[in-house]
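Trainee: Hi! Could you walk me through this one?
Mentor: Happy to, let's look at it together.

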Amino acid sequence: MANSASATPNTWTCTRCDVTVSFSPDVVDTGLPSTWSQEDGDLYCLSCRRDMAGEAGLEGVDEDVPNQKRLQLRSHARIEFEIKRDPTREDNRIAKACGTSTFAVRKARARLEGNGEDPD
(Lines give C-alpha, C1' and ligand atoms only; values in the text may rest on other atoms or scores of the structure.)
Protein backbone atom coordinates (compact mmCIF):
# COMPACT_ATOMS: atom_id res chain seq x y z
CA MET A 1 0.00 0.00 0.00
CA ALA A 2 1.63 3.22 -1.09
CA ASN A 3 1.69 6.22 1.17
CA SER A 4 -1.25 8.34 0.00
CA ALA A 5 0.50 11.58 1.01
CA SER A 6 3.20 10.98 -1.57
CA ALA A 7 3.12 12.18 -5.16
CA THR A 8 5.02 9.06 -6.22
CA PRO A 9 2.96 5.86 -6.14
CA ASN A 10 5.97 3.72 -5.17
CA THR A 11 6.88 5.55 -1.94
CA TRP A 12 6.53 4.39 1.65
CA THR A 13 7.43 6.13 4.92
CA CYS A 14 8.04 4.32 8.20
CA THR A 15 5.62 5.45 10.87
CA ARG A 16 8.20 5.12 13.60
CA CYS A 17 11.44 6.59 12.19
CA ASP A 18 10.17 8.50 9.11
CA VAL A 19 12.65 6.79 6.78
CA THR A 20 11.28 6.78 3.24
CA VAL A 21 11.87 4.26 0.49
CA SER A 22 10.79 4.95 -3.04
CA PHE A 23 11.13 3.67 -6.56
CA SER A 24 11.34 5.65 -9.74
CA PRO A 25 7.92 6.57 -11.16
CA ASP A 26 8.67 4.54 -14.28
CA VAL A 27 9.03 1.32 -12.21
CA VAL A 28 5.87 -0.77 -12.22
CA ASP A 29 4.18 -0.72 -8.80
CA THR A 30 6.33 -2.95 -6.63
CA GLY A 31 3.99 -3.14 -3.67
CA LEU A 32 5.23 -2.77 -0.13
CA PRO A 33 8.95 -3.64 0.12
CA SER A 34 9.40 -7.22 1.35
CA THR A 35 11.29 -6.19 4.50
CA TRP A 36 8.57 -3.77 5.56
CA SER A 37 5.31 -4.60 7.30
CA GLN A 38 1.97 -2.95 7.81
CA GLU A 39 0.32 -3.24 11.22
CA ASP A 40 -2.95 -1.52 12.11
CA GLY A 41 -2.50 0.85 9.16
CA ASP A 42 1.04 1.84 10.15
CA LEU A 43 4.12 1.02 8.07
CA TYR A 44 7.38 -0.16 9.64
CA CYS A 45 10.83 -0.58 8.10
CA LEU A 46 13.01 -3.55 8.94
CA SER A 47 15.18 -1.56 11.34
CA CYS A 48 12.17 -0.48 13.36
CA ARG A 49 10.72 -3.98 13.25
CA ARG A 50 13.97 -5.27 14.78
CA ASP A 51 13.87 -2.59 17.47
CA MET A 52 10.22 -3.35 18.22
CA ALA A 53 11.06 -7.06 18.56
CA GLY A 54 13.78 -6.17 21.05
CA GLU A 55 11.39 -4.00 23.03
CA ALA A 56 8.81 -6.79 23.02
CA GLY A 57 11.48 -9.04 24.53
CA LEU A 58 11.47 -6.77 27.58
CA GLU A 59 7.73 -6.93 28.17
CA GLY A 60 6.99 -8.13 31.67
CA VAL A 61 10.58 -7.63 32.84
CA ASP A 62 10.85 -5.83 36.19
CA GLU A 63 12.38 -2.37 36.28
CA ASP A 64 15.02 -3.53 38.76
CA VAL A 65 16.52 -6.08 36.33
CA PRO A 66 20.17 -5.09 35.71
CA ASN A 67 20.96 -3.33 32.43
CA GLN A 68 23.24 -6.15 31.29
CA LYS A 69 20.38 -8.65 31.58
CA ARG A 70 18.00 -6.25 29.81
CA LEU A 71 20.47 -5.88 26.91
CA GLN A 72 20.78 -9.66 26.72
CA LEU A 73 17.00 -10.16 26.63
CA ARG A 74 16.64 -7.50 23.96
CA SER A 75 19.39 -9.11 21.88
CA HIS A 76 17.80 -12.56 22.19
CA ALA A 77 14.46 -11.17 21.01
CA ARG A 78 16.04 -9.43 18.00
CA ILE A 79 17.89 -12.59 16.98
CA GLU A 80 14.75 -14.70 17.31
CA PHE A 81 12.84 -12.15 15.23
CA GLU A 82 15.43 -12.48 12.45
CA ILE A 83 15.38 -16.28 12.57
CA LYS A 84 11.59 -16.36 12.38
CA ARG A 85 11.57 -13.74 9.61
CA ASP A 86 13.78 -15.89 7.39
CA PRO A 87 14.59 -19.33 8.84
CA THR A 88 16.76 -20.25 5.84
CA ARG A 89 19.05 -17.25 6.27
CA GLU A 90 22.62 -18.10 7.22
CA ASP A 91 23.60 -17.66 10.88
CA ASN A 92 26.51 -15.35 10.05
CA ARG A 93 24.22 -13.01 8.10
CA ILE A 94 21.72 -12.87 10.96
CA ALA A 95 24.57 -12.23 13.40
CA LYS A 96 25.83 -9.35 11.27
CA ALA A 97 22.33 -7.83 10.97
CA CYS A 98 21.85 -8.03 14.75
CA GLY A 99 25.36 -6.97 15.71
CA THR A 100 26.06 -10.20 17.56
CA SER A 101 28.03 -13.43 17.21
CA THR A 102 27.25 -16.43 15.05
CA PHE A 103 27.39 -18.51 18.23
CA ALA A 104 24.55 -16.44 19.74
CA VAL A 105 22.45 -17.08 16.63
CA ARG A 106 23.12 -20.82 16.84
CA LYS A 107 22.05 -20.83 20.50
CA ALA A 108 18.87 -18.97 19.58
CA ARG A 109 18.08 -21.47 16.81
CA ALA A 110 18.51 -24.29 19.30
CA ARG A 111 16.17 -22.55 21.78
CA LEU A 112 13.55 -22.03 19.08
CA GLU A 113 13.81 -25.66 18.01
CA GLY A 114 13.32 -26.71 21.63
CA ASN A 115 16.64 -28.49 22.06
CA GLY A 116 18.73 -25.73 23.54
CA GLU A 117 19.36 -24.13 26.88
CA ASP A 118 17.32 -21.28 28.28
CA PRO A 119 18.85 -17.82 27.94
CA ASP A 120 21.47 -16.99 30.60
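Trainee: Okay, how many helices and strands does the protein have?
Mentor: There are four helices and four strands. Keep in mind that this is a predicted model.

Trainee: And what pattern does the protein follow along the sequence?
Mentor: Reading along the sequence, you get β-β-β-β-α-α-α-α.

Trainee: What percentage of the residues count as buried?
Mentor: Of the 120 residues, 29% count as buried. As for contacts between residues at least 6 apart in sequence, 36% of them join residues at least 24 apart.

Trainee: Let's start with α1. Which of its residues are buried?
Mentor: The buried residues of α1 are Leu46, Cys48, Arg49, Arg50, Ala53 and Gly54.

Trainee: Can you tell me about glycine 54 in particular? Is it buried or exposed?
Mentor: Glycine 54, which lies in helix α1, counts as buried because its relative accessibility is 0%. Leaving out residues up to four places away in sequence, glycine 54 touches Arg74, Ala77 and Arg78.

Trainee: How far apart are the C-alpha atoms of glycine 54 and arginine 78?
Mentor: Those C-alpha atoms are separated by 5.0 Å, and the two residues are 24 residues apart along the chain.

Trainee: Switching to charges. How many salt bridges does a search of the whole structure find?
Mentor: The search finds nine. One of them pairs arginine 50 with glutamate 82, where the closest N and O atoms are 2.6 Å apart.

Trainee: Are arginine 50 and glutamate 82 buried or exposed?
Mentor: Arginine 50 is buried, and glutamate 82 is buried too. For glutamate 82 the relative accessibility is 0%.

Trainee: What else does glutamate 82 meet in a salt bridge?
Mentor: Its side chain also meets that of arginine 89, at 2.8 Å from N to O. Through salt bridges that share partners, Arg50, Glu82, Arg85 and Arg89 are joined into one network.

Trainee: Nice. What about glutamate 80, what does it form a salt bridge with?
Mentor: Glutamate 80 pairs with arginine 111, and their closest N and O atoms are 3.4 Å apart. This pair links distant parts of the chain, with glutamate 80 in helix α2 and arginine 111 in helix α4, 31 residues apart. Both glutamate 80 and arginine 111 are buried.

Trainee: Now helix packing. At what angle do α2 and α3 pack?
Mentor: The angle is about 135 degrees, and the axes are 10 Å apart. The two helices are therefore oblique to each other.

Trainee: Is the crossing of α2 and α3 left-handed or right-handed?
Mentor: The crossing of α2 and α3 is right-handed. On the α2 side the contact is made by Arg78, Ile79, Glu82 and Ile83, and on the α3 side by Ile94, Ala97 and Cys98. By class, that contact has five nonpolar, no polar and two charged residues.

Trainee: And how do α3 and α4 pack?
Mentor: Helix α3 (residues 91–98) and helix α4 (residues 102–113) pack at about 110 degrees, with their axes 8 Å apart. That angle makes α3 roughly perpendicular to α4. Their crossing is right-handed.

Trainee: Which residues meet there?
Mentor: From α3 you have Asp91, Asn92, Ile94 and Ala95, which meet Thr102, Val105, Arg106 and Arg109 in α4. The residues of this contact of α3 with α4 divide into three nonpolar, two polar and three charged.

Trainee: Last one: what is aspartate 91 in contact with?
Mentor: Setting aside neighbours within four places in sequence, aspartate 91 is in contact with Thr102, Val105, Arg106 and Arg109. Aspartate 91 lies in helix α3, and with a relative accessible area of 16% this residue is buried.

Technical notes
Residues are numbered from 1 along each chain as its sequence is written. This is a predicted model: local features need pLDDT of at least 70, side-chain atom pairs count only at pLDDT 80 or more; totals for chains, interfaces and linings use all residues. Side-chain values use heavy atoms; hydrogens and water are left out. Axes are lines fitted to C-alpha atoms, for helices over the stretch in contact, and angles run from 0 to 180 degrees between N-to-C directions. Angles under 35 degrees count as roughly parallel, over 145 as roughly antiparallel, 65 to 115 as roughly perpendicular and the rest as oblique. A crossing is left-handed if the near helix is turned anticlockwise from the far one by less than a right angle, and right-handed if clockwise. Contact means heavy atoms within 4.5 Å. Ala, Val, Leu, Ile, Met, Phe, Trp, Tyr, Cys and Pro count as nonpolar, Asp, Glu, Lys and Arg as charged, and the others, Gly among them, as polar. A salt bridge is a side-chain nitrogen of Lys or Arg within 4 Å of a carboxyl oxygen of Asp or Glu. Buried means under 20% relative accessible area, exposed over 50%, partly exposed in between (1.4 Å probe, protein chains only).
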